[in-house]
Amino acid sequence: MDRDAVILFFALLATAAQAVVVVAIVLAVGGRASATVARWRDAAREAVAPQALGLAAGVALVATLGSLYLSEVADFPPCRLCWFQRIAMYPLVVVLGVGAVRRDAGARLTGAILAGLGACVSIWHLLVERYPTLESGSCDPTNPCSTKWVEEWGYLTIPAMALSGFALILVLLAAARPTVSPEELA
Amino acid sequence: MTSPKPPTDNGSKIWIVAIVVVLVAGVVAVVLARGGSGDEEVSGQTGTVQVGDGSSTTGDGETDTTAGDTGSAAALPEYDATLEEDPAVGATIPTVTGTTFDGDELTIAPDGTAKIILFVAHWCPHCQREVPMLKAHLDDVPMPDDVQLLTVSTSVEPSADNYPPQEWLDRVGWEAPTLADDEAGTIAKAFGLSAFPYFVAVDADGKVVARASGELTAEQFDAVVAQAQG
């Protein structure tokens, strides 16, 4: 498959994720000021909540497949910070997937911690890309984290896509409502 | 008394929406990317390199064993910025011959002229900052007549940012003669490159007087030039 098409595909998905995150933030903030927006927020949450863990697992799965495609097929070697983001993203597929099947409330906290840590690394990686001197004054010839292997629309680099995925997972986890309590599970 | 609302199948709808979004993204990506790849290889960005007076490498870095090495200066040790004394200082630089992006032959050798050799990689953001800064500085304070500034473009990667290097250097207005290293980075290895950007200051006797890596300020660059000048 054409590499440019695949990269563009993941960039479009990342953009869609960003749009959802922005809408969620607007609903969350606007809901505090406006009763109408609060109703929209509650309706959206009502609709998404039962599926949120599964959707978050799906987002993690797509991000994981994208990450593997970029390194194993497109031959973009993952840098040190990419590996830290992988460490956060890959387990989310299992943690959230199993949590969705078992309707396990505990998966929300574990997932949120992993996604939060991953998002922090993504933000640092974006800063290193933008300001390379934050990490070093020179480029490691093998694979510096400041190198942009992908840049769609002037801003969507690989850590930006990862951050979009982590942010969407966090939004979905915030919307998720456990249907089975930990006590019931036990 | 109101009857309870019938259960709605919101779960299925949400999954259908998610799948539609993924499918639409796939179709749009295929249609938009049909225009062709943006990182097609441009000829001349890597060259055929000859190290010493005989042994040569092809563009893909394979050594041509039909030519004999006549015993010119050995490769410089890899630069280690943490060492107080650079073991390469005082060593004679190896002779390397290759071509510029336009295919003209260019040799870097201990030829009686002091020189600064700047190694850059097009994808390296530090090089992308350093080269325009040096260009602006050299417009104000040109290189002294007795010190030559040479560039080696190495570590070329067509899939990476800011490719091709020739276009980048032309865009910046970089005028120093530029040697295109081969895909294996033979010249970079011969000069002990360990990080980008990389500077080797050579005196008129062809001996290394200083090496540096990373972004240099204009003042630091002038100091390196002065060292080469003796």
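Axes are lines fitted to C-alpha atoms, for helices over the stretch in contact, and angles run from 0 to 180 degrees between their N-to-C directions. Keep that in mind for these close-ups, which all come from a predicted model.

**View 1. Helix 4 and helix 6 of chain A cross at roughly 35°.**
Here helix 4 (residues 80-102) and helix 6 (residues 158-175) of chain A bring their axes within 11 Å. The crossing of helix 4 of chain A past helix 6 of chain A is left-handed. On the helix 4 side, look for A:Gln85, A:Ala88, A:Met89, A:Leu92 and A:Leu96; they meet A:Pro159, A:Ala162, A:Gly165, A:Phe166, A:Ile169 and A:Leu173 of helix 6. Sort these contact residues and you get nine nonpolar, two polar and no charged.

**View 2. Helix 1 of chain A runs roughly antiparallel to helix 3 of chain A.**
The axes of helix 1 (residues 3-33) and helix 3 (residues 52-73) of chain A come within 11 Å and cross at roughly 150°. Since angles over 145 degrees count as roughly antiparallel, that makes this pair roughly antiparallel. It's a left-handed crossing.

**View 3. Chain B meets chain A.**
Zoom in on the interface, where 35 residues of chain B touch 29 residues of chain A. About 2400 Å² gets buried between the two chains, with 70% of it from carbon and sulfur atoms. Within chain B, B:Ile14, B:Trp15 and B:His126 lose the most area to chain A, together 22% of what that side buries.

Note on methods:
Residues are numbered from 1 along each chain as its sequence is written. Chains are lettered from A and ligands numbered from 1 in the order in which they are written. This is a predicted model: local features need pLDDT of at least 70, side-chain atom pairs count only at pLDDT 80 or more; totals for chains, interfaces and linings use all residues. Side-chain values use heavy atoms; hydrogens and water are left out. Helices (H or I, at least four residues) and strands (E, at least two) are DSSP runs, numbered from the N terminus. Angles under 35 degrees count as roughly parallel, over 145 as roughly antiparallel, 65 to 115 as roughly perpendicular and the rest as oblique. A crossing is left-handed if the near helix is turned anticlockwise from the far one by less than a right angle, and right-handed if clockwise. Contact means heavy atoms within 4.5 Å. Buried area is the accessible area (1.4 Å probe) that two parts lose on being put together, summed over both. Ala, Val, Leu, Ile, Met, Phe, Trp, Tyr, Cys and Pro count as nonpolar, Asp, Glu, Lys and Arg as charged, and the others, Gly among them, as polar.
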